[in-house]
Amino acid sequence: MLRLPQLQVARPRTVEEALALLGGEGALPFAGGTDLLPNLKHRLLAPQTLVSLAGVEGLSGVSVDPGGALVIGATTRLHEVAEHPEVRARAPALAMAAGLVASPQIRRMGTLGGNVLLDTRCRYVNQSAFWRKSLGHCLKKDGAVCHVVPGGQKCVAAASNDTAPALLTLGASLTVATAAGTREVPLESLWKPDGVYNRRLAPNELVTAIRVPAQAAGHRGAYLKLRPRESFDFPLLGVAVRVDAAGGVVQSADVVVVALQAVPRRVTGASDELAGKALGTQELEAAIVAVGARAHQQCRPLPNVPGDPDYRREMVPVFVRRALRAAAG
Amino acid sequence: MIDLELTVNGELARVRVEPGARLLDVLRGPLGLPGTKEGCGNGECGACTVLVAGRPVCACLTPAAEVEGLEVLTVEGLVGPGGDLSAVQRAFVEGGGVQCGFCTPGMVMSVHALLERNPDPTPEDVREALTGNLCRCTGYAQIVESALLAARKRREAREGGDRA
Ligand SMILES: Cc1cc2nc3c(=O)[nH]c(=O)nc-3n(C[C@H](O)[C@H](O)[C@H](O)COP(=O)(O)OP(=O)(O)OC[C@H]3O[C@@H](n4cnc5c(N)ncnc54)[C@H](O)[C@@H]3O)c2cc1C
Ligand code: SF4
């Protein structure tokens, strides 16, 4: 049976109280806990205090600001993000991604902020402490070797959060509160290629909201994921796309893939292939196939998450094409 | 140790537990409600599904301290005052939706939550609502049928009640 370690749960009411608590040693923000609790049970983390965000005022809910940007409170649950009419209308890829996370129960517990800040995943590390010890540990926790890249000096555990690539295609940013004040962190600069800890955000900084700017006219988007079962499973591959097609002609496009390495990866050249093509034409279809080929060339899945990496690689162009067709269709 | 006040199945309960105790531990331990099951303990099976403020969640991933002041509903709370099973519970018995029974309380809670928000679900709605609950006896067909039977019985009861 998987038991939690000894720890305290603090329940602040305001952002200020939460920040004060997070200033203490061994404190971590706790939103839905659906990433933290399994990791605690596996003894991957050892915080002394979980600072619960559930009761903190003003951190939950979806609104649209006067400029048309979506402002989504960090503790808004994934279920609400997936179902919210404004999210579905303004950021369809985000709604799709949130709706494809885990299971109905987990989507009613897990939050968007927690999903953005999800820890990286690897088949050699998301295991019980006993299992990891038997294997001799690894760079991410308690060890000095990598079992994915023999001889490797860097952990390549995979960013596995479904909403991350969708938010990247949408140009989203995080509103971060610290004792020193509030700052806006573009998602573009959030992740770094280190599977041990892939966020440029201290574990005790508080994300208060996720901001999705107003999209271009004719915005379309989609997110699709490869997974063993149609429920529960983290992505073996996740593909988010943006296709802006004002007047029925593609103006600009973006493709971002997750579950390859420690950071979500942008496929370069998508706009070059797709821009200027009219929706519903053979030219667009040919360009979609070309983007798939680029993605196949650029994306090399590693044996970090479950699933055969060769199979995952062959699925890259398939999912890129399907996602682009879903957005453009 | 910490003192918590929880509302479980409509009754206020006071418990003294370890600070890191999970809702599941409190239900099965001090509150003596073993209907909620521990399967995987990691959110991957749904056997521990309970309703917190109406939302179906995994009790194995919920610290008890997180639900202070919120309404918790477990499978025991579906039973009527005279000990009668709820329409969903009866439908699982009549529809053969129970085999070994271990996943049943979680399935029942997910179906209960579905019918509270959508009294007239399609078979697809039922399957979608149960995508967070695993059954290892592979009895899904009868579980879905039981859920649809429950929906029908609840609607009939409501319409009957309206006429009366
Ligand atoms: C069975 C199962 C299946 C899953 N499948 C998927 C899946 O398919 N796809 C997927 O993407 N995820 C999946 N998950 C992981 C998880 O459920 C989601 O990523 C969820 O969105 C995490 O959100 P949370 O609120 O529960 O995060 P938490 O566990 O509360 O937090 C996650 C991390 O973020 C930090 N944090 C949270 N909120 C804030 C904040 N506001 N400010 C600063 N730091 C913060 C925490 O300290 C922690 O480090 C799965 C989990 C389980 C148990
Ligand atoms: S990628 Fe290597 S170092 Fe990182 S978690 Fe996996 S095995 Fe460990």
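In strand β5 of chain A, Val71(A) is the residue opposite Ser63(A). Strands here are DSSP runs of E with at least two residues, helices are runs of H or I with at least four, and both are numbered from the N terminus. The model is predicted: local features need pLDDT of at least 70, side-chain atom pairs count only at pLDDT 80 or more, and totals for chains, interfaces and linings use all residues. Residues are numbered from 1 along each chain as its sequence is written, while chains are lettered from A and ligands numbered from 1 in the order in which they are written.

**Strand pairing in chain A**

- Strands β4(A) (residues 62-64) and β5(A) (residues 70-73) run antiparallel and are joined by three bridges. Strands pair if DSSP finds at least two bridges between them.
- Five residues lie between β4(A) and β5(A), which form a hairpin. Gly68(A), in the turn, has a positive phi of about 90°.
- β5(A) also pairs with β8(A) (residues 206-212), antiparallel, through four bridges.
- Val71(A) has Arg211(A) as its bridge partner in β8(A).

**Ligand 1**

- The site is shared between chains, because residues from chains A and B surround ligand 1.
- The shell has 35 residues; Gly32(A), Gly110(A), Gly114(A), Asn115(A) and Gly43(B) come nearest. A residue is near a molecule or strand if its C-beta atom, placed from the backbone, lies within 6 Å of it.
- In chain A, β2 (27-30), α2 (36-41), α7 (112-116) and β8 each supply at least two shell residues.
- By class, the shell has 19 nonpolar, twelve polar and four charged residues. Nonpolar covers Ala, Val, Leu, Ile, Met, Phe, Trp, Tyr, Cys and Pro; charged covers Asp, Glu, Lys and Arg; the others, Gly among them, count as polar.

**Ligand 2**

- Ligand 2 has 14 residues around it, of which Cys122(A), Cys138(A), Leu139(A), Cys146(A) and Cys155(A) come nearest.
- Its shell divides into ten nonpolar, three polar and one charged.

**Domains of chain A**

- Chain A is split into domain 1 (1-53), domain 2 (62-117 + 158-212) and domain 3 (219-328). The bounds come from an automatic or database domain assignment.
- The centres of domains 1 and 2 of chain A, taken over C-alpha atoms, are 19 Å apart.
- Domain 1 of chain A puts 14 residues in contact with 16 residues of domain 2 of chain A. Contact requires C-beta atoms, placed from the backbone, within 7 Å.
- On the domain 1 side of that contact, α1(A) gives the most, with four residues.
- That side divides into nine nonpolar, four polar and one charged.

**Helix packing in chain A**

- Helices α11(A) (residues 282-298) and α12(A) (residues 309-328) pack at about 145°, with axes 8 Å apart. Axes are lines fitted to C-alpha atoms, for helices over the stretch in contact, and angles run from 0 to 180 degrees between N-to-C directions.
- In the contact, residues of α11(A) including Leu284(A), Ile288(A) and His296(A) meet residues of α12(A) including Val316(A), Arg321(A) and Ala328(A).
- The contact of α11(A) with α12(A) has eleven nonpolar, two polar and two charged residues.

**Chain A with chain B**

- The contact takes 25 residues from chain A and 21 residues from chain B.
- Strand β4(B) (residues 55-58) gives the most to the chain B side, with four residues.
- The chain B side has eight nonpolar, eight polar and five charged residues.

Note on methods: Two residues are in contact if their C-beta atoms, placed from the backbone, lie within 7 Å.
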